[in-house]
Structures are given as C-alpha cells and as structure tokens.
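The points below may be read alongside the sequence and the 3D view.

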Amino acid sequence: RPVFLASVFSVFALAALAAAVPAVSVLLFMRFLTGVAVGADYPAGQALVTEHVNEHYRTRALSALMLAWYAGAIAGVLAAVPALRWDADWRGMLVF
C-alpha cells in the first residue's frame with residue numbers, strides 16, 4: 001500500500017511540476033520521470049487488488065484493472081490529438 005500511494009503521489013506531483021519547467025528539455029525529463037512513476041503504479045495496483053479482493057472476485061477485479069489501464073492509455077492518445085494542433089505555448093497544454 002505505501003508503494004502504491006507513493007507512486008500515485010509521484011505521478012500527481014511530477015505532472016503538476018511539469019507545467020512550471022523553464023525549458024522543453026526539462027519538460028521531457030519530467031515527463032520521463034512521470035512515465036516511470038506511472039509504470040510503478042501498474043504493478044503496485046495489481047498487487048493491491050490481489051491482496052485485498054476476495055478470491056472469488058479476484059480474476060474479475062484484475063481483468064477490470066487491466067481493461068481500465070488500457071482504456072486510460074487510449075483516452076490519453078485521443079486527448080493528445082487536439083494538443084498536436086495547439087498553437088499556444090507548450091505550457092498551455094499542461095494546464096487543461
């Protein structure tokens with residue numbers, strides 16, 4: 001549980017700090033670190049579900065977790081499409 005909470009907090013903090021970076025190179029590094037934190041979130045979430053869900057519902061819960069992860073990844077790609085056409089400063093894309 002502490003690993004899961006740390007990964008969720010890291011994703012939030014790094015994403016929030018990314019809007020205040022001074023240069024694109026620092027932004028790329030911050031986004032890399034955010035990706036590492038998201039990567040830590042997935043196995044920690046699976047372990048949390050495995051430990052705390054009743055054995056009868058565990059397979060369904062893990063399947064729902066995997067489905068939600070992929071649905072979120074697809075939603076992220078679809079949300080990025082309008083951002084590719086954004087004419088404003090790159091910091092503006094991180095605000096919404």
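1. The model discussed here is predicted. Is Ser7 buried or exposed? With a relative accessibility of 5%, Ser7 counts as buried, because the limit for that class is under 20%.

2. Beyond its neighbours within four places in sequence, Ser7 is in contact with Ala37, Ala40 and Asp41. One of these, Ala37, is itself among the buried residues of α2.

3. Helix α2 covers residues 24-52, 29 residues in all. From its first C-alpha to its last it reaches 41 Å, close to the 42 Å expected at 1.5 Å a residue.

4. Which residues of α2 are buried? They are Leu27, Met30, Thr34, Ala37, Ala44, Gly45 and Val49.

5. The largest nonpolar core consists of six residues: Leu14, Ala18, Val21, Leu27, Met30 and Ala37. Helices α1 (2-18) and α2 each supply at least two residues of this core. The largest share, three residues, comes from α2.

6. Residues up to four places away in sequence being left out, Met30 touches Leu14, Leu17, Ala18 and Val21.

7. Attention may now turn to the aromatic residues. How many aromatic pairs does the structure hold? There are two. In one of them, the rings of Tyr42 and Trp69 have their centres 5.1 Å apart and their planes at 55°, so the pair is tilted. Tyr42 lies in helix α2 and Trp69 in helix α3 (residues 58-84), so this pair ties together parts that are 27 residues apart in sequence.

8. Trp69 also forms an aromatic pair with Tyr70, and this pair is edge-to-face, with 5.3 Å centre to centre and 85° between the planes. Through ring pairs, Tyr42, Trp69 and Tyr70 are linked into a cluster.

9. Is Trp69 buried, exposed or partly exposed? Its relative accessible area is 36%, so Trp69 is partly exposed, whereas Ser7, at 5%, counts as buried.

Note on methods. Residues numbered from 1 in each chain as written. Predicted model: local features only at pLDDT ≥ 70, side-chain atom pairs only at ≥ 80, totals over all residues. Heavy atoms only, no water. Helix = DSSP H or I, 4+ residues; strand = E, 2+ residues; numbered from the N terminus. Expected span 1.5 Å × (residues − 1). Buried < 20%, exposed > 50% of the residue type's maximum accessible area, 1.4 Å probe, protein only. Core = buried A, V, L, I, M, F, W, Y, C linked by side-chain atoms within 4.5 Å. Contact = heavy atoms within 4.5 Å. Phe/Tyr/Trp six-rings, centres within 6.5 Å; stacked < 30°, edge-to-face > 60°.
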